[in-house]
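Me: I would like to go through this structure with you. Could we begin with how the helices and sheets are arranged, and then turn to the interface?

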There are 2 protein chains.
Amino acid sequence: MTKHIYVYSPSGAVRDKAAFKRGVARLRALGHEVEVDQDALTSYQRFAGDDATRLAAIHRAAASKADVALISRGGYGLTRILPGIQYKKVAKAIERGMMFVGISDFTAFQNAVMAQTGAVTWAGPALCEGFGVNGEPDDIMEACFNDLLVGQGEGAGWRQHREHVAVASASTALTLNNCSLWGGNLTVLTSLLGTPYFPEIKRGILFLEDVGEHPYRIERMLTQLLFSGVLTRQKAVVFGQFTEFKLVSHDRGFKLSGVMDWLRKQINIPVLTNLPYGHVATKVLLPVGATVDLTVDGRDALIFWGNH
Amino acid sequence: MTKHIYVYSPSGAVRDKAAFKRGVARLRALGHEVEVDQDALTSYQRFAGDDATRLAAIHRAAASKADVALISRGGYGLTRILPGIQYKKVAKAIERGMMFVGISDFTAFQNAVMAQTGAVTWAGPALCEGFGVNGEPDDIMEACFNDLLVGQGEGAGWRQHREHVAVASASTALTLNNCSLWGGNLTVLTSLLGTPYFPEIKRGILFLEDVGEHPYRIERMLTQLLFSGVLTRQKAVVFGQFTEFKLVSHDRGFKLSGVMDWLRKQINIPVLTNLPYGHVATKVLLPVGATVDLTVDGRDALIFWGNH
């Protein structure tokens, strides 16, 4: 089924033009109509154009007739332009059926849209890292993306890490209905705390991923979410993939699984692990801002939005 | 004049024992009585002992008869134990005349004490990096530390960067009286935002430093302070030293001075630069939580607490 995909760049400048081209070609090979924003390959310092350029790109994407607005890549750049986004325009596009898809820095946009309008966006691939890889894009990611496009995506299931389930409160069977799914990149999300762009979610399932952040930094961010009362208002925390950090000799046994164990002692809600989402090839698509159900049975977990 | 200095470790484990010994020896050579906490050299994972051990060390320091409680080093470890600190005990020690001195991770303690009690602590050296250097400790730091000990410290003056003064609103003469001085390490401070350990300061002079943070990360943290309304409630922002970060080819002209210029366009208050404070040898001591006056005349700036 041919879909109309609008590719734009709200964050970092695209340096890997070959990946960009491969991504566009891949989406076209899948049968889709790909519209490339006029400034998708613009560059200003480390950004894909100056602030006004990137804001205009977002608003052109929202004003387009596309089914999907897909970011070219993440990086850094959305946080500083959050006050300039016309949220009503974005929400109206979503109401018309547009699906905004992205990852990483896009977390700022997604949670700001949720906080300002309650509209749903999709955590998923970016063009370059998702479809522009050298070789075949990941099967599961592409299947999930296709499910989204044809309206068949209903949920995301996965298997948790064995070592965490043993100590987790989530080790027993668990069902949570009518929760709000939200989250994304931990660093980007935490950088919104205290601002009008941080969603106030009371019955939430918070999913988190990050890249290149040492476990002590991950812990410090979780501490902020904890002490600010955000975590205790949630129904569950779901850890996705945390990649590309390096433990050092000074750590002497301090590591990410220890951070998760520490967190479990601080909060009285399930802390799940190993959600296939983050800076990895194999990832699911997740509706940020949607009402979902979560079921856990031992290591098996499922986030399901098909009922809502 | 002999002073009693209590050395303790609330944050990271001391790995450089030689620096620790040199620091203690230096303070003794300056004529001081140095009391070393029983767990100052304890190690658990990356921390100077587990959470209970480090909390006990803080409370032993507060209960001691020392004039100065000096941290051995920073690192990471204070944030996660903030709820366990007995703030009244700390405030009572400060009331009796104790001066808590430290830097970096100590920012968490200092701002939490300020938020919870309003008591004044001192941003200054840590034992190892300040007094335990291989060779002579920095003259200016040592003079400022001595001024503090003998009660003669009244202010800190410095010269701003030339290139910033040209564009700064602070380029003209300026006097700000009766402001609250606060701040410290930007990353550590920002990680307190939204929690009960972040001071609510309305007429503040906010000083900031950081180490190993790329300008885009510095900007993202400033964005959080901006969007949360913290910056616009201040009377001035004072940048100290930002060190040990690396620009990359992707930056293409994006740099720290540009971040400062960007910030000046966002807020209508003076943004000063080059305060001699941070992860550098030459640094002044600053009273976090104190009432101060700020005067600026071209490149020359002075933070003065001698009137209060």
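Me: Which strands does helix H2 of chain B lie across?

Reply: Helix H2 (residues 51–63) of chain B lies across E1, strand E3 (68–71) and strand E4 (99–102) of chain B. It runs at about 175 degrees to E1(B). Helices (H or I, at least four residues) and strands (E, at least two) are DSSP runs, numbered from the N terminus. Axes are lines fitted to C-alpha atoms, for helices over the stretch in contact (heavy atoms within 4.5 Å), and angles run from 0 to 180 degrees between N-to-C directions.

Me: What should I know about the source of the coordinates?

Reply: This is a predicted model, in which local features need pLDDT of at least 70 and side-chain atom pairs count only at pLDDT 80 or more, while totals for chains, interfaces and linings use all residues. Residues are numbered from 1 along each chain as its sequence is written, chains are lettered from A and ligands numbered from 1 in the order in which they are written, and side-chain values use heavy atoms, with hydrogens and water left out.

Me: What about helix H6 of chain B, which strands does that one lie across?

Reply: Helix H6 (residues 139–149) of chain B lies across E1, E3, E4 and strand E5 (121–123) of chain B. Its angle to E4(B) is about 165 degrees.

Me: In what order do the six strands of the open sheet come?

Reply: The order is E2-E1-E3-E4-E5-E11 in chain B, with mixed pairing; two strands pair if DSSP finds at least two bridges between them. Strand E2 (33–36) and strand E11 (286–288) of chain B are the edge strands, each pairing on one side only. On average, neighbouring strands of this sheet are turned by 30 degrees against each other, direction ignored.

Me: How many bridges join E1 to E2 in chain B?

Reply: Four bridges join strand E1 (residues 4–8) of chain B to E2(B), and the two run parallel. B:His4 has B:Glu33 as its bridge partner in E2(B).

Me: And the sheet of seven strands, what is its order?

Reply: That open sheet of chain B has the order E6-E13-E12-E7-E8-E9-E10, again with mixed pairing. Strand E6 (155–159) and strand E10 (271–272) of chain B each have a single partner strand, so one side of each is left without a neighbour in the sheet. Within this chain, seven bridges join strand E8 (residues 204–211) to strand E9 (residues 234–243), which run parallel. B:Leu208 stands opposite B:Phe239 in E9(B).

Me: Changing topic: how many residues of chain B are in contact with chain A?

Reply: In chain B, 39 residues are in contact with 39 residues of chain A. The area buried between the two chains is about 3400 Å², and carbon and sulfur atoms give 54% of that. Buried area is the accessible area (1.4 Å probe) that two parts lose on being put together, summed over both.

Me: How many salt bridges are there between the two chains?

Reply: The count between chain B and chain A is six, taking a salt bridge as a side-chain nitrogen of Lys or Arg within 4 Å of a carboxyl oxygen of Asp or Glu. One pair is B:Arg217 with A:Glu213, whose closest N and O atoms are 2.8 Å apart. B:Arg217 is in helix H9 of chain B, and A:Glu213 is in the loop between strand E8 (204–211) and helix H9 (215–227) of chain A.
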